[in-house]
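We will go stop by stop.

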Amino acid sequence: MVDCQIRPSDVTKFPIIKAMLEVPREEFVPDRAREFAYADDHVELERNRVLLAPRTFAKMLDGLDIRPNELVLDVGSGLGYSTAVIARMAEAVVALEEIEEFARQAVTKLSRHLVDNSLAVTGTLAEGAAKHGPYDVIVVEGAIHRLPDQLFDQLKVGGRIGALFCDGVTGRCSIGIRQPGSISWRTAFNAGAPVIPGFEAQTEFVF
């Protein structure tokens with residue numbers, strides 16, 4: 001995976017390479033998907049949720065440039081793979097998951113793999129985890145149409161956020177830097193994923 005997908009995508013930062021070599025991806029997917037864990041594609045979980053493809057995830061991490069003294073919110077952490085990888089680069093990670101079965105499995109798997117600088121919490125993804133913030137970095141594990149105000153409020157001024165924005169049939173990964181009243185976004189690369197429930201565009205009715 002690292003040699004065939006990550007390094008050829010110009011992801012060469014040592015902490016990312018080391019973390020993705022150390023974390024056994026197949027341990028953090030449903031049993032039915034273990035044989036596809038290292039494929040160059042998203043792994044389907046359930047309820048329109050996926051584990052991001054290795055290339056997509058690695059390039060997002062490359063753009064975010066997580067540092068050893070930073071607190072990270074991992075939104076939509078699934079069964080814990082992304083949290084386990086991020087935890088090897090950050091000071092601490094809050095793994096936010098709203099599907100209780102995913103969160104339960106993540107606690108078990110993160111403990112089994114000695115990821116002791118992570119905290120798994122259950123809650124609505126679009127609402128974040130304000131109790132444990134504010135955060136230096138927020139990683140959104142899926143596509144969005146809009147960024148909820150709650151996540152904006154939980155990102156420190158100067159902090160970074162990575163998310164996949166869905167534009168119809170296409171998508172892009174954007175890295176944002178929090179300003180006092182806004183986020184300054186830049187497009188990092190093209191990539192798509194299913195839109196996370198709760199992050200859809202708001203419908204406006206005109207009478």
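A disulfide here is a pair of cysteine sulfur atoms within 2.5 Å. In general terms, a disulfide is a covalent bond between the sulfur atoms of two cysteines. What you have open is a predicted model, in which local features need pLDDT of at least 70, side-chain atom pairs count only at pLDDT 80 or more, and totals for chains, interfaces and linings use all residues. Residues are numbered from 1 along each chain as its sequence is written, and side-chain values use heavy atoms, with hydrogens and water left out.

**Stop 1: the cysteines**

Select Cys-166 and Cys-173. How far is the sulfur of Cys-173 from the closest cysteine sulfur? The distance to the sulfur of Cys-166 is 13 Å, which is too far for a bond. The count of disulfides is zero. Now check burial: buried means under 20% relative accessible area, exposed over 50%, and partly exposed in between, using a 1.4 Å probe and protein chains only. Cys-166 is buried, at 19%. Cys-173 is buried too, at 0%.

**Stop 2: the sheet**

Switch to cartoon view. Helices (H or I, at least four residues) and strands (E, at least two) are DSSP runs, numbered from the N terminus. Two strands pair if DSSP finds at least two bridges between them. Seven strands form an open sheet with mixed pairing, in the order β5-β4-β3-β6-β7-β8-β9. Find the edges. β5 and β9 (183–190) each have a single partner strand, so one side of each is left without a neighbour in the sheet. From one strand to the next, the twist averages 20 degrees. Axes are lines fitted to C-alpha atoms, for helices over the stretch in contact; angles run from 0 to 180 degrees between N-to-C directions.

Zoom in on β7 (residues 155–167) and β8 (residues 170–178). They pair in the antiparallel sense, over eight bridges. Select Phe-165: opposite it, in β8, stands Arg-172.

**Stop 3: helices across the sheet**

Show α3 (54–64). It lies across β6, β7, β8 and β9, and runs at about 150 degrees to β7. Then show α5 (100–112). That helix lies across β4 (92–97) and β5, at about 165 degrees to β5.

**Stop 4: helix α2**

Select residues 14–22, which make up α2. Which residues of α2 are buried? They are Ile-16, Ile-17, Ala-19 and Met-20. Look down the axis of α2: these buried residues fall within an arc of 165 degrees, so they line one face of the helix. The arc is that of the directions from the helix axis to the C-beta atoms. An α-helix has 3.6 residues a turn, so residues three or four places apart point the same way.

What does the buried face touch? Contact means heavy atoms within 4.5 Å. The buried residues of α2 pack against α1 (2–6), α3 and α4 (81–87). On the other side of α2, Phe-14 and Leu-21 are exposed. Phe-14 has 58% relative accessibility.

**Stop 5**

Go to Arg-47, in the loop between β1 (43–44) and β2 (50–51). Its phi is near 55 degrees, a positive value in a residue other than glycine. Arg-47 is exposed, at 57%.

Next, select Leu-114, in the loop between α5 and β5. Its phi is positive as well, near 60 degrees. Leu-114 is exposed, at 69%.

Finish at Pro-134, in the loop between β5 (118–122) and β6 (135–144). The peptide bond from Gly-133 to Pro-134 is cis, with omega near 5 degrees.
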